[in-house]
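I would like the cut-offs behind the terms as they come up.

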Amino acid sequence: MAARLRLIVITDRDLARPREATEVVGEALRAGAPAVQLREKTLPPRDTLPIARRLRADTKTADALLFVNDRIDLALAVGADGVHLGPDDLPVAAARRIAPPGFLIGYSADEPAAARAAVAEGADYIGCGAVFPTSTKSDAGRAVGLGGLARMVAAVDVPVVAIGGITEACAPGVFRAGATGCAVVGAVMAANDPALTVRTFMHAAAGAS
């Protein structure tokens, strides 16, 4: 699974404009992005469902993973590969009880204790951050830095994916700190050339392996 978590492209309709977020994701997938996370904070589930279905079809074609942020019901409805949960969402243990075999659960944490508790409940990977200051998540909290990321990697025995302010320039340092992968929003969704950005991230990942 680690290889498929090298880069998770997280959707953001506002940053993608004037393009559609699905259009940007399509370019990222064609460039080799191994995973996508649908994050939609404002649309109701009924309106998010068609987007999720489109992303499910596109990720299947590209042999990439699809995660849905927060909503395990939506993830299950479209046959996504997993869900990504945070402290305010359904607890990992509860999600694990209703998830089918092989369904992946990620959990956001910035403290090792919270990460270890999530892994004990069944989390398959930890999203650590914000590693750097970010404007794409209003509740991201303080940045933990590369030192905090390294401490998280040492604290758990599952893959750790760095998130928060990750750019192509800082990606090599993220991988040197021991992260399995990067989860990015603006770096891809707002890029003039999303495909080039994805290839740059994947090159950084390959150099660290």
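Leaving aside neighbours within four places in sequence, which residues is Arg56 in contact with? The model is a predicted one, in which local features need pLDDT of at least 70, side-chain atom pairs count only at pLDDT 80 or more, and totals for chains, interfaces and linings use all residues. Residues are numbered from 1 along each chain as its sequence is written, and side-chain values use heavy atoms, with hydrogens and water left out.

Arg56 is in contact with Ala64, Leu66, Val78, Gly79, Ala80 and Asp81, once neighbours within four places in sequence are set aside; contact means heavy atoms within 4.5 Å. The residue sits in helix H3. Helices (H or I, at least four residues) and strands (E, at least two) are DSSP runs, numbered from the N terminus. Arg56 counts as buried because its relative accessible area is 7%. Buried means under 20% relative accessible area, exposed over 50%, and partly exposed in between, with a 1.4 Å probe and protein chains only.

Helix H3 (residues 45–61) also holds Asp58 and Arg54, four residues apart, about one turn of the helix. An α-helix has 3.6 residues a turn, so residues three or four places apart point the same way. The side chains of Asp58 and Arg54 meet in a salt bridge, 2.9 Å from N to O. A salt bridge here is a side-chain nitrogen of Lys or Arg within 4 Å of a carboxyl oxygen of Asp or Glu. Asp58 is partly exposed because its relative accessibility is 22%, and Arg54 is partly exposed at 42%.

The whole structure contains nine salt bridges. Another of them joins the side chains of Arg142 and Glu111 at 2.8 Å, N to O. This pair links distant parts of the chain, 31 residues apart: Arg142 is in the loop between strand E6 (125–128) and helix H7 (145–155), and Glu111 is in the loop between strand E5 (104–109) and helix H6 (112–121). With a relative accessible area of 52%, Arg142 is exposed, while Glu111 is partly exposed at 36%. Arg17 and Asp14 also form a salt bridge through their side chains (2.6 Å, N to O), and both residues are exposed.

Pro18 belongs to the loop between helix H1 (13–16) and H2. The bond from Gly129 to Ala130 is also cis, with omega near 10°, and Ala130 lies in the loop between E6 and H7.

Strand E6 itself contains Tyr125, which is buried because its relative accessibility is 1%. Leaving aside neighbours within four places in sequence, Tyr125 has contacts that include Leu5, Ile8, Phe67, His84 and Ile105. The C-alpha atoms of Ala2 and Tyr125 are 9.2 Å apart, although 123 residues separate them along the chain. Ala2 is in the segment before E1 and is partly exposed, with a relative accessible area of 35%.

What lies inside the fold? The largest nonpolar core has 61 residues, and those with the most contacts inside it are Ile126, Leu149, Ile166 and Cys182. Such a core is a set of buried Ala, Val, Leu, Ile, Met, Phe, Trp, Tyr and Cys residues joined through side-chain atoms within 4.5 Å. Not counting residues up to four places away in sequence, Ile166 touches Val131, Phe132, Val174, Cys182, Ala183, Val184, Ala187 and Phe201.

Phe201 is one of the buried residues of H10, which also include Pro194, Val198 and Ala205. These buried residues of H10 pack against strand E1 (7–10), helix H2 (21–30), helix H8 (171–176), strand E8 (181–184) and helix H9 (186–189). Helix H10 (residues 194–208) has 15 residues and reaches 22 Å from its first C-alpha to its last, close to the 21 Å expected at 1.5 Å a residue.

Two loop residues other than glycine have positive phi values. Asp63, with phi near 55°, is found in the loop between H3 and strand E3 (65–69) and is exposed because its relative accessibility is 60%. Asp70, with phi near 75°, lies in the loop between E3 and helix H4 (72–78).

Note on methods
The expected span of a helix is 1.5 Å times one less than its number of residues.
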